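Take a look at the display, then read on.

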Amino acid sequence: MTSNDRVVVIGSGLAGVRLARRLGELGTPVTLIGEEEHRPYNRVLLAEVLAGRYSPEVIALPAPAELTRARVTGVDRAARTVTCADGSVTGYGRLVLATGSNPVLPPLRGLFTADHELPEGVHAFRTMDDCLGLAKAVRPGVRAVVIGGGLLGVSAARALAERGAQVVLAQQSERLMERQLDPAASRLVGRHLTGLGVEVHTECRVRDVRCVAGAVRSVEMADGYALDADLVVLACGVHPRVGLAQAAGLDVRKGVVVDDELRTSDPYVHAIGDCVQHAGTVYGLAAPALEQADALAALLAGDTAARYTGTRSLTRLTLTGPGGPFGPLDLAAFGETEALPGDDVVQLTDATRGTYRKVVVRDDRLVGGVLVGELGTVGALARAWEGAEPLPSAGGPLLHLLTHDGGS
Ligand SMILES: Cc1cc2nc3c(=O)[nH]c(=O)nc-3n(C[C@H](O)[C@H](O)[C@H](O)COP(=O)(O)OP(=O)(O)OC[C@H]3O[C@@H](n4cnc5c(N)ncnc54)[C@H](O)[C@@H]3O)c2cc1C
């Protein structure tokens, strides 16, 4: 096999592993290069490992045949080679960047030590190493501050509370998971976390990280209020990991720019997953990463008609709890969850059971919805949304959508 036939994939996360496995099944030679020393794993389930619910082995992905553990440090597009940190050079016929995202490190005073490291006790929450580091540090009574109240921060706070930590969640904006949820659903998530013992502060900006002898001791809010902390989790979002693509001179905006064939500005270099920007969108979610991997596998294996045209992505999250009134809280959200003037909205709330369902319809088309606590209709709703077909008429059929699962 010459290096010209070989597909080299950089990054053994969800997208890279899926692509390598699909290509292997289709008989296309592939080399997967990943820097993490652990067996490839499903990042979406890290909070379950942190909560002590799953062991790392449980979230391992089925391993592809050939996996090189190394960090790629450079791409030479003229020579069609990649160079790794250990000095090894690998030739490619096609190169695929599946380098994922980096956590956003917020501009807090005192966040870095003199050696540009995070202080002891301060952790990002992106990798298995982050997760194992946190799991080692958490024990009953530990004071933990989670900075950020998006999906990641909510998952981390819940997991730490389950491990017995005294958790404070500091969210800069006015509500939790604002990218996915409407205000009513955000309130239910807040109530669930409070029930688990988490102290939730919204409109609360952390300004400073205070350390003694290189270890975190407290965080200070913008209003001067200080919170003692043994552990700090940074959950302030992610940005596409584009350093290699930039250094190689590829077109990079928010992410590595790709077309419907998942090709970058170099036709021999493709990109998939969190690192890409397709049709102006950077998803940062698992479902688009997997769909892109499947489309690219088909293309690289010779299906010239295969295309990726975007993902209408549904976000799902289960916040498990110790049981009783604080048992699991299931959430699903898709599209636009807040109505514009003129939209039709159907909403069902059951305060006793803590359930909430809402759909938003515009011009007879379902444009978004949110379900909390009662997900029986999620399959039917997702199909109606993904199909973007006109609904028969507003009113009755909408209520039907919210209350009947259509056999899903
Ligand atoms: C705790 C947590 C919970 C999440 N929950 C959800 C959820 O509920 N739903 C959802 O849709 N999404 C969720 N996500 C997001 C989801 O995990 C990502 O969208 C998905 O992992 C993207 O896959 P990827 O392969 O593009 O990137 P990644 O999974 O990040 O994999 C990229 C890999 O490339 C490696 N790499 C990067 N550069 C190099 C290099 N130069 N050399 C070698 N290797 C390199 C990285 O080390 C990494 O292993 C969650 C993420 C986290 C962290």
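The buried ones are V378, G379, A380, L381, A382, A384 and W385. Here, buried means under 20% relative accessible area, exposed means over 50%, and partly exposed lies in between (1.4 Å probe, protein chains only). Helices (H or I, at least four residues) and strands (E, at least two) are DSSP runs, numbered from the N terminus.

A word on the model itself: it is predicted, so local features need pLDDT of at least 70 and side-chain atom pairs count only at pLDDT 80 or more, while totals for chains, interfaces and linings use all residues. Residues are numbered from 1 along each chain as its sequence is written, and side-chain values use heavy atoms, with hydrogens and water left out.

## Three domains

The protein chain is divided into domain 1 (3-102 + 239-300), domain 2 (105-236) and domain 3 (314-403). These bounds come from an automatic or database domain assignment.

## Where domain 1 meets domain 2

The C-alpha centres of domain 1 and domain 2 lie 29 Å apart. At their interface, 17 residues of domain 1 are in contact with 17 residues of domain 2, contact meaning heavy atoms within 4.5 Å. About 1500 Å² is buried between domain 1 and domain 2, and carbon and sulfur atoms give 62% of that area. Buried area is the accessible area (1.4 Å probe) that two parts lose on being put together, summed over both. Of the area that domain 1 buries against domain 2, H38, L46 and L50 supply 39%, more than any other three residues.

How many salt bridges does the rule find across the interface of domain 1 and domain 2? There are three, a salt bridge being a side-chain nitrogen of Lys or Arg within 4 Å of a carboxyl oxygen of Asp or Glu. Between the two domains, seven residue pairs (both at pLDDT 80 or more) are in polar contact. A polar contact is a pair of N or O atoms within 3.5 Å; within protein, one must be able to donate a hydrogen and the other to accept it, and residues adjacent in sequence count only if both atoms are side-chain atoms. Helix 2 (residues 46-50) gives the most to the side of domain 1 that touches domain 2, with five residues. By class, that side of domain 1 has nine nonpolar, three polar and five charged residues. For these classes, Ala, Val, Leu, Ile, Met, Phe, Trp, Tyr, Cys and Pro count as nonpolar, Asp, Glu, Lys and Arg as charged, and the others, Gly among them, as polar.

## Salt bridges to look up

The structure holds 29 salt bridges. E162 forms one with R53, with the closest N and O atoms 2.3 Å apart. E162 also meets R158 in a salt bridge (2.7 Å, N to O). Both E162 and R158 lie in helix 4 (residues 151-162), four residues apart, about one turn of the helix. E162 is partly exposed at 26% relative accessible area, whereas R158 is buried at 1%.

The side chains of K358 and D182 also meet in a salt bridge (2.9 Å, N to O). This pair links distant parts of the chain, 176 residues apart: K358 is in strand 24 (residues 355-362), and D182 is in the loop between strand 11 (166-170) and helix 5 (183-195). K358 is buried at 8% relative accessibility, and D182 is buried at 2%. Elsewhere, a network of salt bridges links R18, R21, R22, E25 and D294.

G354 lies in the loop between strand 23 (344-350) and strand 24. Is G354 buried or exposed? At 10% relative accessibility, G354 counts as buried. Its C-alpha atom is separated by 7.1 Å from that of L188, 166 residues away along the chain. Leaving aside neighbours within four places in sequence, G354 is in contact with L188, R191, L329, V372 and G373.

S218 sits in strand 14 (residues 215-221) and is buried, with a relative accessible area of 12%. Beyond its neighbours within four places in sequence, S218 is in contact with D208, V209, R210, L227, D228 and A229.
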